[in-house]
Amino acid sequence: MTNFHRSLILGASAIALAGCGADEIVSPGTGGNVTINNGGGGGSTPTPTPTAGTMVTPAAGCPTISDPQGLTDDGTISGPTGEYRVCTMPARFNASATLPYIEGLLYRMNGRVDVGTDGGPSPTNSDGLDDTDVELTIEPGVIIYASGSSFLNVNRGNTINAVGTADRPIIFTSRDNVLGLNNDSSSGQWGGVVLSGRAPVTDCIASGATPGTVNCERQVEGAAQPAIFGGATPGDSSGTMSYVQIRYSGFVLSGDSELQSLTTGGTGSGTVLNNIMSYNSSDDGVEFFGGRVNVKNMIVVGAEDDSIDTDTGVKANIQYLIAIQRPGAGDTIIEADSDNAFNDSTPRQNTRISNATFVHQKADDQVVRIRGFADYSIANSVIVSNQGTPCLRIDGPEELNRAANAGIDEAGPVAFDSLVLDCASSPFRDSSGVTAAEIETRFNAGTNTNSAFTNTLASLFLNGSNEDAVPVFDVTAWASFFELPARIGAVFTENADWVNGWTCNSSTVTFDSNVSDCTSLPVYN
C-alpha cells in the first residue's frame, strides 16, 4: 500500500543544495549557497548521508518520451527529502508525450513550457468539437518544479491529462520547495498552470470584436509572448486535471501582472477539473477568465489576493470548495466581475457555488465582492470572518436587482440560499451603489439564510453541530453537474474523506495527519 510519510526536515545548512543550471531564474527570497551537480564532473560537494528518515536517491537517468526533443538530464538536486535526478522539459511539446512517475526523479520547467502551438479560436473538424493536437499526460505521483517566470501553458486545441490519485497526487511546485528553503509564508516563486481554450469570453483584445463570438480573444496576463484564449466553442476541452496540488505560484511576469496557481482562459465544459489544491499563491488561488468551468472538490489555502476570481463572462459551476486564508494575508475570498469595463456586455458571468466553506482571517474590506454586472448564486455554504470583516458586498443595483432574461444571456439577480454568515457585527458592507440594508434584504429573500450565525467548524473546515442543523437547498435544479448534498458546507460526516491523502498541511490548516507538510515533498514507499 502506498503511504505518505512526513519527511525528516534537516537544516538547509546540513545539506548540499543542488540547483539546475545557471540559466534558471532564482526565486524571490532564495538565500544561501547552491551547489550544482551536473553529473560526472569533479569537484562537486557530496550530499551528506542522512542520519534518520526515508531519503530519496536519484534515478539513473531521464526516461525517453514520445516527443523527439526529449528530456534534458540536468544532473541532480538535493534537499531535505534526498537527492533527485532532474529532467528538464522542452520549451514546447510538439508531440503527445507522457511524463512517467519514476522514483527519485523530478521534472523541471526552465521558463515557459507550452503544450502544442495555438490552434486558433475555431476548431477545424466537422463535428464542431475540439481537434486535439498535442496531449501532455502526467502520471500519478509526478512532481514538477520551476522558478521565476516559468509556467505551463496548454494552448488552444491541445490538452493536458494530469490525473493523480488520492494517495499519489501530481504536484507542481517551486525550486525552493525542493531545496527545503520554504516556510509557511513563502509564495510567488514561479508562475503557475494556464489552460487556454476556445469557449466564449468578453473583453476582446481586437477592437470592434463582438464579445462571446469566435473573433473575441484575450491574452494571458503578463505573458511576454502572446498566450491567446477564447472562441465560440462552449463544449471545448483543454483536458483533465484531477488530484493536483499547485504550490508557491504567482511570480510577477511583467508589470503588476502575476499568474495564479491555476488560470483558465476560455476553457470549455469538456474540460474536467476536480480535486485541485492551490497553496500559497502570491496572487489569486484560481482565476477563471470566461468560458465554461465545472469544478468539484477544490481547495485554496493562503492566497495573497483573491482565493477565487471569476471574470470576463465565465459560466462556472463549483461544488465542494474550501478557501482558507493565512492569518493576516489575502484580499477577498471571492471577487466577481462580468467584464473589466463594468458594462452590460454578454456573455454575462453566471457563477454558481454550492457547499463552500470560506474562512477569512484578515481585517479587510469584505470577504465576498460581486460587481461588474455579474450574476452569482451561493447555496449550502458557510462564510466565516474571524477578524470581523464584513462578509458580503454587492457593488451595484445591476447585480442586486437585475431580472433574469435568458434571451440576452442574463441569469440575475444574485441569489443566496442555505447560506450562513459568521462575520461579527457587520455581515454586509455598503458600496457606492448599494446600501448594506439593501444587500441584507436580498440575502434574507433566500431560503434558510442566517447572517447572525455562530460557526462550530472544527479545524477550520469540518462541519460542527450548527452547520449540520441548517437545511439543505436543492441545487440539482441549477444544472445536472450538481448533486444534492447531505449537508451544507464543504466537509461533513457523509463526505469527510474527500480531503484526505492528496492534500498537504501547514500552520494555516491541517487536512490529514497522514500527509506531508506543504513545505516538504512527499516520499513514497
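Predicted model: local features only at pLDDT ≥ 70, side-chain atom pairs only at ≥ 80, totals over all residues.

Strand 4 and strand 7, which covers residues 113–115, pair in the parallel sense over 2 bridges, where a strand is a DSSP run of E with at least two residues, a helix is a run of H or I with at least four residues, both numbered from the N terminus, and two strands pair if DSSP finds at least two bridges between them. Within this pairing, Phe-93 stands opposite Val-115 of strand 7. Residues are numbered from 1 along each chain as its sequence is written, and side-chain values use heavy atoms, with hydrogens and water left out.

Strand 6, residues 105–108, is my next stop. Strand 3 (residues 82–88) runs parallel to strand 6 and is joined to it by 4 bridges, with Val-86 having Leu-106 as its bridge partner. Strand 9 (residues 143–146) also runs parallel to strand 6, through 2 bridges, and here Arg-108 has Tyr-145 as its partner. Which way do the side chains of strand 6 point? Leu-105 and Tyr-107 point one way and Leu-106 and Arg-108 the other, and all of them are buried, where buried means under 20% relative accessible area, exposed means over 50%, and partly exposed lies in between, with a 1.4 Å probe and protein chains only. In a regular strand the side chains alternate between the two faces of the sheet.

The structure holds 4 of them, and, counting bonded cysteines along the chain, they follow the pattern 1-2, 3-4, 5-6, 7-8. Cys-62 and Cys-87 form one, with their sulfur atoms 2.1 Å apart. Because Cys-62 lies in the loop between strand 1 (4–5) and strand 2 (72–79) and Cys-87 in strand 3, this pair ties together parts that are 25 residues apart in sequence. The torsion about their S-S bond is about -105 degrees, so this disulfide is left-handed. Cys-62 is partly exposed at 25% relative accessible area, whereas Cys-87 is buried at 0%.

By contrast, what is the handedness of the disulfide between Cys-504 and Cys-518? The torsion about its S-S bond is about 95 degrees, so this one is right-handed.

Most residues other than glycine have a negative phi, and most peptide bonds are trans. Asp-203, in the loop between strand 13 (193–196) and strand 14 (218–219), has a positive phi near 60 degrees, and Asp-203 counts as buried at 18% relative accessibility. Phe-373, in the loop between strand 27 (368–370) and strand 28 (375–385), has a positive phi near 65 degrees, and Phe-373 is buried at 13%.

Terms used
Disulfide = S-S within 2.5 Å.
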